[in-house]
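Please read them with the coordinates open.

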Amino acid sequence: MADVLIVDCVTGEVTTRPQTAEEIAAQEVAAQAAQAEADAKAAADADAAAQLAATNQKLLALGLTQIDINTLLNAAKA
Amino acid sequence: MANPTLTLISSQTLGGTTASVTFSSIPATYNDLKLVVSSRNDGAGALANFGIIQFNADTGTSYSCTFVEGIGASAYSTRTNTTTAYGGNHAFQFSVNGIDSAGNTASVFSSNEIYIPNYTSATQKPFISTDGTEQNATTNNALGVISGLWSGTSAINSIKIFANSGNFVQYSNFYLYGIKNS
């Protein structure tokens, strides 16, 4: 368990104390939310990558080369 | 003739893993505040968690911000009209890209500068934060800018700095400066 540090800017006094039960609970809730957000982003990134790969395969099947496809992608990004 | 000054109000270098750092009883004798943070988080992964600041222990929906981010070759922007709650506590995200963590190069710390003008005013208070991570660019080189607004109407007298998950590691540094216009 990590401590919390509080500095009184007038006196310079520094107080270090363990987290309260309420602070630990809030940190755990925030950690779970952060993990859920990271998982959702990873899933969305994976979906986007899969979609891009599938589209790339379709273009190759139409006869375009990978250089052609990359040229189109770079032009779209510009 | 005006003689602006930048005065160090307080600084802290962590001696061990720490969940949060709070600057309390901030004097109302300056015009602006500047918070400089060099930090690393103990979360798993790269840029795993975000740095967060909260004013005056206000956990309500008083915060809004706009992000602009560049990470690697990608760039995007977004706006958060309603504030985000971290463990039920609303606050500002001050690092767009997350802060360096276990998945980043060892011993690399993220850099943040947060400027808070007119912090004693009785009206809403803006702030701007700039951040850079993994400055050696081996894993996740990223830059970000955040423009935020805290709608509290009292002078800012405390700033709590924490992360949305995990803790700050040893040797993270926190500097609070006061700026006088004259």
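1. Two strands are said to pair if DSSP finds at least two bridges between them, and helices (H or I, at least four residues) and strands (E, at least two) are DSSP runs, numbered from the N terminus. With these terms, A:Val7 stands opposite B:Phe23, a residue in strand 2 of chain B. This pair can be read together with the six bridges that join strand 1 (residues 3–8) of chain A to strand 2 of chain B, the two running parallel.

2. On conventions, this is a predicted model, in which local features need pLDDT of at least 70 and side-chain atom pairs count only at pLDDT 80 or more, while totals for chains, interfaces and linings use all residues. Residues are numbered from 1 along each chain as its sequence is written, and chains are lettered from A and ligands numbered from 1 in the order in which they are written.

3. The contact between the chains takes 16 residues from chain A and 23 residues from chain B, two residues being in contact if their C-beta atoms, placed from the backbone, lie within 7 Å. On the side of chain B that touches chain A, strand 1 (5–13) and strand 2 (18–24) of chain B each supply at least two residues, and strand 2 of chain B gives the most, with seven residues.

4. Chain A has two helices and two strands, which follow the pattern β-β-α-α along the sequence. The radius of gyration of chain A, taken over C-alpha atoms, is 25 Å, well over the 12 Å that the globule rule (2.2 Å times the number of residues to the power 0.38) gives for 78 residues, so chain A is more spread out than a compact globule. Its C-alpha trace spans about 75 × 25 × 15 Å along the principal axes.

5. Helix 1 (residues 21–61) of chain A has 41 residues and reaches 60 Å from its first C-alpha to its last, close to the 60 Å expected at 1.5 Å a residue, where the expected span is 1.5 Å times one less than the number of residues. Just after this helix, A:Gly63 takes a positive phi of about 110 degrees.

6. How many residues of helix 1 of chain A are buried? A residue counts as buried if 20 or more other C-beta atoms, placed from the backbone, lie within 10 Å of its own; by that criterion the helix is hardly covered, with a count of three among its 41 residues, namely A:Gln27, A:Ala30 and A:Ala34. Across chain A, buried residues make up 8% of the 78 residues.

Note on methods. A residue is buried if 20 or more other C-beta atoms lie within 10 Å of its own, exposed if 12 or fewer, and partly exposed in between; C-beta atoms are placed from the backbone.
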